[in-house]
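Subject: Handing over a structure, with notes

Dear colleague,

Please find the structure below, followed by my notes on what was found in it.

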Amino acid sequence: MQVTPSATLSVVSTLVILGVTAFIWRYRARPGATPLVGFTTAAAVWTAGNALQIASTSLAGKLFWVNVQYFGIVAIPITWFAFACEYTGHDEWLTRRTFSILFLYAGGTLVLVWTNPVHHLVRTSSELVVTDGVVRLDRTFGPWFWTSVVYSNLVDGLGTLLLLRGLIRARRFFRGQATALIVGTMIPWTASALFYNGLLGIDPEVFFAATAIAFAYAIWYHRLFDLVPVGRSAVVDEMTDAVIVTDDGGRLVDTNPAANRLLSVSTDDIGRRFDDVCAAFPELVECFRARRVPETPIVSDVGGERRYLDVHCSKVSDSGTKLSGTILIVRDVTEFERKKRAVERHNERLERVGHTIAHDLRNPLNVAEGYLGLERERSDGEYFDNVERAHDRMEEIIDDVLSMARHERSERFENLDLERLAERAWENVETDAATVSIETGPVVVRANEGQLSSVFENLFRNAVEHAGPTVAVEVGWKEDEDEQRGGTIYVGDDGPGIPPTEQGRVFDHGYSTRTDGTGAGLSIVADIAERHGWEVNATDNTRRGARFDISGVQTSSPGRELD
């Protein structure tokens, strides 16, 4: 074994390449990383084989390590081409057929290399020469060697051309990556050209260390595997919206898989006119011709089914290639439109129900008010005032039902004496032997009187129904530390309370713990709170029982008189 400067350089180069390979391996899950690891591993095999070939002093030893080098030599074009395709988004080129051709070359070359003494197609002659005390291998190359050189350069060149094309069209933050990759790969190829023409005395294999360093620089400084341009085309391919790109002449130049699924447009239609390809969608063709975006989804027959399509059409241009055309994005919004129409039909039914309730209730209410008037003329009944207040409250409730059915937000907000309104609400509820303590103080709030009354009535009724006829109810007011946020009205009772697991569900429409309950009371409270911009929560009372906090209630400005 002999130690020479060339052998030492090859060893150092191998160590550098292996270090970079280990660094790249950390990113193996990213697009392009696996073939790049294959490339640097092949380069390490090439340079390590060269070091051992130089260090050997026998002809058999040198030829053995030369043959070992070919495992790396034949793998480099394959891995470089695979990396270039993944990096630039040309995964469609990485087919089974393509790899079959590449591996057929690689396998055939390896067979010919190791059987060269039989046919001499790779090396016609090999002998040892001694120069300045160093044993060197002198070879005469056969026809397959030059064939493989041309083939390898073609494959390597195709990969490099893909990167050059990407460099020209790349956005600014991708150009540093592409430049580092291209420069890194050009160094050993340039060195090889100089070496085989007798213009360089250093083995070209050692320059793969510079290639590896350039790759590491692209990964570390330019974030090669964090920002990969392949992501742009991958995103388009994975989009659920159909994407169709046409040139200025209206011919298809690109589509994504979603366009095939939705509009039956495929890559086979590239080059055909959009009008012909999408003739089954006349409204879509009309939007394309007019280059307009319809205000509402168009209706089309897709696979025998009525579908609603949201269409976006816009001009696109690429200043770098001086190309321009149109991009059409079509989204299937059928489910959304169906739900939207179902909601509209539901709202229409709700409004009709509201009108029906208002009409049918007002008739017997008018009759009741008429008889009440007649009874007042004949006698001075003890409970007539209570009956009249109940009738007035029923009128307000009917108005509120109509307002909610029409989805109208009441703008009739008033300055209300909170304590007095809570007292009147208590009188409107059948409370049996229940008691109430109203300790709000002289607070004037801004709210709709009928709706705030409904809040109190439903909370009072809820307490009596769930805590029993002798429940003690308390009503209070708490100022918020931030005056702009108003304050909190709270209504508590001394009943059994609400389990913590149920406190978030009590406001759901239809939720009730009673078999005969409607579950409407607290959902009405939540709806009124939302209409006012308040927030209502169920919690535990200070002592025992349930408590409902209504926060965000605005108070009247100082000095404002009651309406």
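I begin with Glu 305, which at 35% relative accessibility counts as partly exposed, because that label covers the range between buried (under 20% relative accessible area) and exposed (over 50%), computed with a 1.4 Å probe and with protein chains only as cover. Before going further, please keep in mind that this is a predicted model, in which local features need a pLDDT of at least 70 and side-chain atom pairs count only at pLDDT 80 or more, while totals for chains, interfaces and linings use all residues. Residues are numbered from 1 along each chain as its sequence is written, and side-chain values use heavy atoms, with hydrogens and water left out.

Salt bridges

Glu 305 forms a salt bridge with Arg 307, and the closest N and O atoms of the two are 2.9 Å apart; the term stands for a side-chain nitrogen of Lys or Arg within 4 Å of a carboxyl oxygen of Asp or Glu. In general, side chains of opposite charge can pair when their charged atoms come close. Arg 307, at 14% relative accessibility, counts as buried, whereas Glu 305 is partly exposed.

A second salt bridge joins Arg 338 to Glu 335, with 3.2 Å between the closest N and O atoms. These two residues are three apart in helix H13 (residues 334–378), so about one helical turn separates them; here helices are DSSP runs of H or I with at least four residues, strands are runs of E with at least two, and both are numbered from the N terminus. Arg 338 is partly exposed at a relative accessible area of 35%, and Glu 335 is also partly exposed, at 44%.

In a further pair, the side chains of Glu 449 and Arg 424 meet in a salt bridge of 2.8 Å from N to O. This pair links distant parts of the chain, since Glu 449 belongs to helix H16 (residues 449–467) and Arg 424 to helix H15 (residues 418–427), and the two are 25 residues apart. Glu 449 is partly exposed at 26% relative accessibility, and Arg 424 is partly exposed at 35%. Salt bridges that share partners also join Glu 305, Arg 307, Asp 332, Glu 335 and Arg 338 into one network. A search of the whole structure finds 13 salt bridges.

Strands and turns

Strand E1 (residues 123–131) pairs with strand E2 (residues 134–141) in the antiparallel sense over eight bridges, where two strands are said to pair if DSSP finds at least two bridges between them. Within this pairing, Ser 125 stands opposite Thr 140 in E2. The two strands form a hairpin with two residues between them, and Asp 132 in the turn has a positive phi of about 55 degrees.

Which residue lies in the loop between helix H5 (116–119) and E1? It is His 120, whose phi is near 60 degrees, a positive value in a residue other than glycine, and which is partly exposed with a relative accessible area of 38%. Ser 264, in the loop between helix H10 (257–263) and helix H11 (274–277), likewise has a positive phi near 60 degrees, and Ser 264 is exposed, with a relative accessible area of 57%.

Leaving out residues up to four places away in sequence, Asp 549 touches several others, among them Thr 488, Tyr 490 and Asn 537, where contact means heavy atoms within 4.5 Å.

The protein as a whole

The protein has 17 helices and 14 strands, and of its 563 residues 42% count as buried. Among contacts between residues at least 6 apart in sequence, 62% join residues at least 24 apart.

With kind regards
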